[in-house]
Every structure is written in C-alpha cells, then in structure tokens.
Amino acid sequence: QVHLVESGGGLVQAGGSLRLSCAASRRIFSTYAVAWFRQAPGQEREFVASISRSGGWTNYADSVKGRFIISRDNDKNTAYLQMNSLEPEDTAVYYCAAKRTILTVDPSVQTAFYDTWGQGTQVTVSS
C-alpha cells in the first residue's frame, strides 16, 4: 500500500491559481487510480476529480469542470490538481486518495472506493 502526501495548498485571491501535488511513497503508484476530494467546514467530503492508472481517463465534479485539471506523472509517483479561476466556494481541505485497481477506465468518483488517503492540504480563496 502506498503512503500519500499532499502539498501546494495555501491562501489565494479569487480568480487565482494553485497546483496541488500528491506524492506517493512507492513505485507501484502506476497501478493505482487516484482522486482528489475536498471538505469544507461543516460539510461532507465531496468528489473533485479522478484519474485512471495511466492518466488516459479523467472525471470531474460539475462544480470544477473547465477550471481544474487532474494529471499524473507515474515516473515521479505524483499526481497533480491544477486549480484555476478559484472561487471562495473552493475553500476547503483537499485530500488525495488512491486505490490499487486493475481497472484502466472511468476512475471512481465515490469516496468509499478509495482506501488510501493523504493528510490533506488547506486551500483558502479570499474574495
């Protein structure tokens, strides 16, 4: 099982950009589907984006479609979330999640599918 560490969070003004990184501890990262979730205070954790093992298939929440881009570099055992045109509503703790899978398409958008989670990184967007 891999260990995940997120980085790249911070404070940004509305309309700005941030790139989050999710570094995995093992080279078998390429056998894992990866997703980003977020959780705002007092709210449930929600899906943001997911990416298949090879990176060929991605899914996005409607709220971030067209603004966020998920990607991965398996040679570096790292996944990314590029966040553009940030809005105050994007303020949350962002979590990277992973699941070892034989599936190569349609990475899950369900929280329950993923069994490995990072510690989270705070993203705050000021208006």
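Colleague: Between which strands is the loop that holds Ser85?

Modeller: This is a predicted model, in which local features need pLDDT of at least 70 and side-chain atom pairs count only at pLDDT 80 or more, whereas totals for chains, interfaces and linings use all residues. Residues are numbered from 1 along each chain as its sequence is written, and side-chain values use heavy atoms, with hydrogens and water left out. Taking strands as DSSP runs of at least two residues, numbered from the N terminus, the loop of Ser85 falls between E8 (78-83) and E9 (92-100).

Colleague: Is Ser85 buried, partly exposed or exposed?

Modeller: Ser85, although not a glycine, has a positive phi of about 50°. Buried means under 20% relative accessible area and exposed over 50%, with partly exposed in between (1.4 Å probe, protein chains only). Since its relative accessibility is 41%, Ser85 counts as partly exposed.

Colleague: How is the ring pair of Phe37 and Phe47 classed?

Modeller: Rings of Phe, Tyr and Trp (its six-membered ring) pair if their centres lie within 6.5 Å, and planes under 30 degrees apart count as stacked, over 60 as edge-to-face and the rest as tilted; four aromatic pairs result. Because the centres of Phe37 and Phe47 are 5.8 Å apart and their planes stand at 75°, this pair is edge-to-face.

Colleague: How many residues apart in sequence are the parts tied together by Phe37 and Trp117?

Modeller: The ring centres of Phe37 and Trp117 lie 5.1 Å apart with planes at 50°, so the pair is tilted. Because Phe37 belongs to strand E4 and Trp117 to strand E10, the parts they tie together are separated in sequence by 80 residues.

Notes
Helix = DSSP H or I, 4+ residues; strand = E, 2+ residues; numbered from the N terminus.
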